[in-house]
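Please look over the model below.

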Amino acid sequence: GDPRLPASVNAEEAWNLVIQVGGDEAAQTLLYVMARCLSNDSPLEKVRIHVNDSLSFRGLRRHKSGDYRPEQKRAEARRFRLLSDIWVTARDTVEIKSGRGTRKKQINVTSRLIEVAVESEEDFTSQKVGGPIRLPAIVSADGNDVPYAVRAGIGEWAKPYIETPDSVKKMLHKLVQYDVNIDAQRFAMRFALAIMFRRVSGAVTIGELLQSARLPIPERRADKFKENVEDAFELLARDGLIAGWRYEGSDEQLPLTRWVNKWLQWTIVFEPTAAALSA
């Protein structure tokens, strides 16, 4: 496995780890898989996802031939493999025998973030008898394999989300449409993930919120960064992912210079929607 990955994380830490190791693109791939799986009658079963569909959903431009370049497909396949290498531990309840009846017992269940099988475009049936055996891989050592599709499913850690698929699915379908190449939309995706996985709610300071969303303060153009943060919340409110937001005590004006630390101490109040709270 990837040496950067811990043995296991909880569901609240999973998305932070995905962003830390795989970036916003990997987080968006995870959201796409969750959205596809939660729309199924049996959410824990694998769904077949064409690599092209995963790439086009993110709005990436195709080659003039009409297809994506092989290196783009391999990069997306590496993101699927990264997600599969992450193990998540969650709480679950099982029925165990107790006397003549049963009783409920709380247990920990560790499962992969997503389960993945990969389809390759290379023909492995044409290998010569007696020659070296090459098994299909997401990315081969020589880099020649071009992934065509994946069969992906979410692990059992996601059972709480499966129990409320309609509300969560609505949130996910909105999130996967955000363009991670646009700052305000990337921030909106991270804030929404914080709402879903970290239960961010009520009143928090700007500094706490940015830390939860893993968004560092830039050294330059802090005014533009602040504008993108506020635009991100407008996006979430517009799309129904939060009920609304406001600064608490924002009658106080920020100084003209060296205002960032003051802004980070401001409290932001927002109300998650019923969908977020039930996730």
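Lys226 and Glu230 sit four residues apart in helix 8 (residues 222-238), so about one helical turn separates them. Helices are DSSP runs of H or I with at least four residues, strands are runs of E with at least two, and both are numbered from the N terminus. Lys226 and Glu230 form a salt bridge, with 2.8 Å between the closest N and O atoms. The term salt bridge stands for a side-chain nitrogen of Lys or Arg within 4 Å of a carboxyl oxygen of Asp or Glu. Lys226 is buried, and Glu230 is buried too. Buried means under 20% relative accessible area, exposed means over 50%, and partly exposed lies in between (1.4 Å probe, protein chains only).

This is a predicted model: local features need pLDDT of at least 70, side-chain atom pairs count only at pLDDT 80 or more, and totals for chains, interfaces and linings use all residues. Residues are numbered from 1 along each chain as its sequence is written, and side-chain values use heavy atoms, leaving out hydrogens and water.

**Salt bridges**

The structure holds 13 salt bridges. Side chains of opposite charge can pair when their charged atoms come close.

| Pair | Closest N to O | Burial |
|---|---|---|
| Lys226 and Glu230 | 2.8 Å | both buried |
| Asp24 and Arg186 | 3.6 Å | both buried |

Arg79 and Glu76 share helix 3 (residues 70-85). They are three residues apart there, about one turn of the helix.

Three strands make an open sheet with mixed pairing, in the order 1-3-4. Its edges are strand 1 (9-10) and strand 4 (101-112), each pairing on one side only. Two strands count as paired if DSSP finds at least two bridges between them. Strands of a sheet pair through backbone hydrogen bonds, either parallel or antiparallel. Strand 3 (residues 87-98) runs antiparallel to strand 4, with 12 bridges between them. Glu95 has Lys104 in strand 4 as its bridge partner.

Strand 3 also contains Asp92. The side chain of Asp92 makes a polar contact of 3.4 Å with that of Lys159. A polar contact is a pair of N or O atoms within 3.5 Å; within protein, one must be able to donate a hydrogen and the other to accept it, and residues adjacent in sequence count only if both atoms are side-chain atoms. Beyond its neighbours within four places in sequence, Asp92 is in contact (heavy atoms within 4.5 Å) with Lys105, Gln106, Ile107, Val109 and Lys159.

**Strand 6 and its partners**

How many residues of strand 6 (residues 147-154) are buried? Six of its eight are, leaving the strand mostly covered. Strand 2 (residues 47-50) runs antiparallel to strand 6, joined by four bridges. Ile49 has Val150 in strand 6 as its bridge partner. Strand 5 (residues 114-120) is also antiparallel to strand 6, through seven bridges. Here Glu115 stands opposite Gly153 of strand 6.

**A loop residue**

Gln253 lies in the loop between strand 8 (242-248) and helix 9 (260-264). Gln253 is exposed, at 65% relative accessible area. Trp263 is 10 residues from Gln253 in sequence and 9.6 Å from it in space, C-alpha to C-alpha.
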